[in-house]
Structures are given as C-alpha cells and as structure tokens.
Amino acid sequence: MEKTIQLFIYIHASFGGVALIAGLIAMLAKKGKTAHKKSGLVFFYSMISSGLIAMTVAILPNHESPFLFAVGIFSLYFVLTGNNALKYKKANVDLKFDKLIAMIMIIAGFLMITLPIILTQSFNIILLVFALVGITFSVRDLMLFKKPEQLKKVWLKLHLGKMIGGYISATTAFVVTNSFFPGIYGWFIPGIIGGFVIFYWIKKVQKKAL
C-alpha cells in the first residue's frame with residue numbers, strides 16, 4: 001500500500017511540474033492565440049489531476065491530512081471557476097455547476113476556519129487566510145450569477161484572475177515543498193507576488209476595453 005501511495009505522490013508532483021511550465025507559457029503567450037489556449041488546457045488538466053491525487057493521498061492510511069485536503073479544494077476551486085469563466089461570454093449560461101462549486105468552497109472555507117479551533121483551540125493562520133480568500137471569491141461569484149449581463153462583461157477578468165490564482169496555488173506548493181522560504185513565509189510570498197500579476201493583467205484588460 002505504501003508503495004502505491006508513493007507512486008501517487010510522484011504522479012501528483014509530475015502533474016504539478018507540468019502545470020507550472022504550462023501555466024507560465026499560457027501567461028506569457030498572446031491571449032486568445034493557439035499557444036495560449038493549448039498551454040492553458042494542459043495547465044487546467046494538470047492542475048485538476050494533481051489536486052485530485054493530492055486529496056486522495058490526504059485521506060489514505062498514515063497520510064491523513066485534513067490540511068492538505070483543504071488546500072486541494074482551494075486550488076481546484078480556482079482552476080475550475082477560472083476555466084468555467086470562459087462560458088460566461090455566452091448568453092443563457094447554465095450556472096448550476098458553478099453555484100455548486102461556490103457553495104462547496106464556502107462550506108470548505110467555514111470548516112477550514114472552525115475545525116482547527118474545535119480540534120486545537122487555536123487558529124491555523126494558513127487555513128484562515130486561504131479560507132477567507134476562497135469565501136470572498138465564492139460570495140462574489142454567487143452575487144455575479146444573479147446579474148447575467150454583468151457576468152458577461154467581466155468573464156475575461158474572472159478567467160484571468162482565477163487561472164492566475166490557480167497558478168499561484170501550484171507555485172506555492174512548489175515553494176513550500178522545496179523550502180525556498182523559512183516558516184510560513186513560503187505559503188504567502190507567492191500569493192503576494194501573484195496578486196501584483198493579477199492586478200497587472202486586470203488593468204491591461206481594462207485599458208483594452210476602453
């Protein structure tokens with residue numbers, strides 16, 4: 001069993017590495033062109049595969065980790081909603097699955113905050129930050145779903161912001177695994193840098209829209 005789990009971990013890491021490379025290409029490539037679309041798809045499926053495997057390992061014997069399972073949900077939320085944003089440019093979009101994803105993230109976020117308090121009588125600062133970010137984005141999603149016309153106008157911002165958010169998750173996992181920064185800093189530095197990247201692209205999209 002342990003050998004199988006180790007194999008899962010290696011496969012998870014391999015998909016994560018592919019996601020890092022493909023995601024970087026997608027960000028650098030001209031948006032809407034073939035290179036961007038193809039590398040974006042590779043990034044999406046690699047992230048989904050890596051995240052699902054990580055969540056599976058996190059519930060297997062001797063590797064149980066509610067923490068990593070929660071982080072997996074957080075990562076999958078961003079890549080799933082980022083990819084789904086592509087359909088928002090169309091009219092009469094079915095949003096049932098999108099609403100379900102948002103609700104799962106809100107529930108998971110609530111558990112990420114409360115379970116550490118219940119089990120250890122203390123906050124887990126990493127889970128707390130991730131939970132607040134996930135809940136904030138999910139609530140905003142649900143509010144936008146009530147405004148189809150507004151949703152149609154901001155689909156590109158949602159797509160870029162969420163997919164880069166997913167890339168930040170992959171980068172964070174790589175940084176933490178390889179201990180590039182001491183303590184909890186590795187969990188937050190990629191997000192801070194990534195936040196500026198998201199800001200840059202959102203501003204660039206806004207300028208083109210003017």
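Predicted model: local features only at pLDDT ≥ 70, side-chain atom pairs only at ≥ 80, totals over all residues.
Lys and Arg count here as positive, and Asp and Glu as negative, while His and the chain ends are left out.

Let's start with the overall fold. The protein chain contains eight helices and zero strands.

H7 covers residues 155–177, which is 23 residues. From its first C-alpha to its last, H7 reaches 33 Å, close to the 33 Å expected at 1.5 Å a residue. In general, an α-helix has 3.6 residues a turn, so residues three or four places apart point the same way. After H7 comes Ser179, with a positive phi near 50°.

Now step back to the whole chain. Its C-alpha trace spans about 55 × 35 × 30 Å along the principal axes. How does the radius of gyration of the protein chain compare with that of a compact globule? A compact globule of 210 residues would have a value near 17 Å, and the protein chain has 17 Å, so the two agree.

What about the inside of the chain? Of the 210 residues, 41% are buried. Among contacts between residues at least 6 apart in sequence, 70% join residues at least 24 apart.

The protein chain carries 22 positive and 6 negative side chains. The centres of these two sets lie 16 Å apart.

Key:
Residues numbered from 1 in each chain as written. Heavy atoms only, no water. Helix = DSSP H or I, 4+ residues; strand = E, 2+ residues; numbered from the N terminus. Expected span 1.5 Å × (residues − 1). Rg over C-alpha atoms; globule rule 2.2 N^0.38 Å. Buried < 20%, exposed > 50% of the residue type's maximum accessible area, 1.4 Å probe, protein only. Contact = heavy atoms within 4.5 Å. Charge placed at Lys NZ, Arg CZ, Asp CG, Glu CD.
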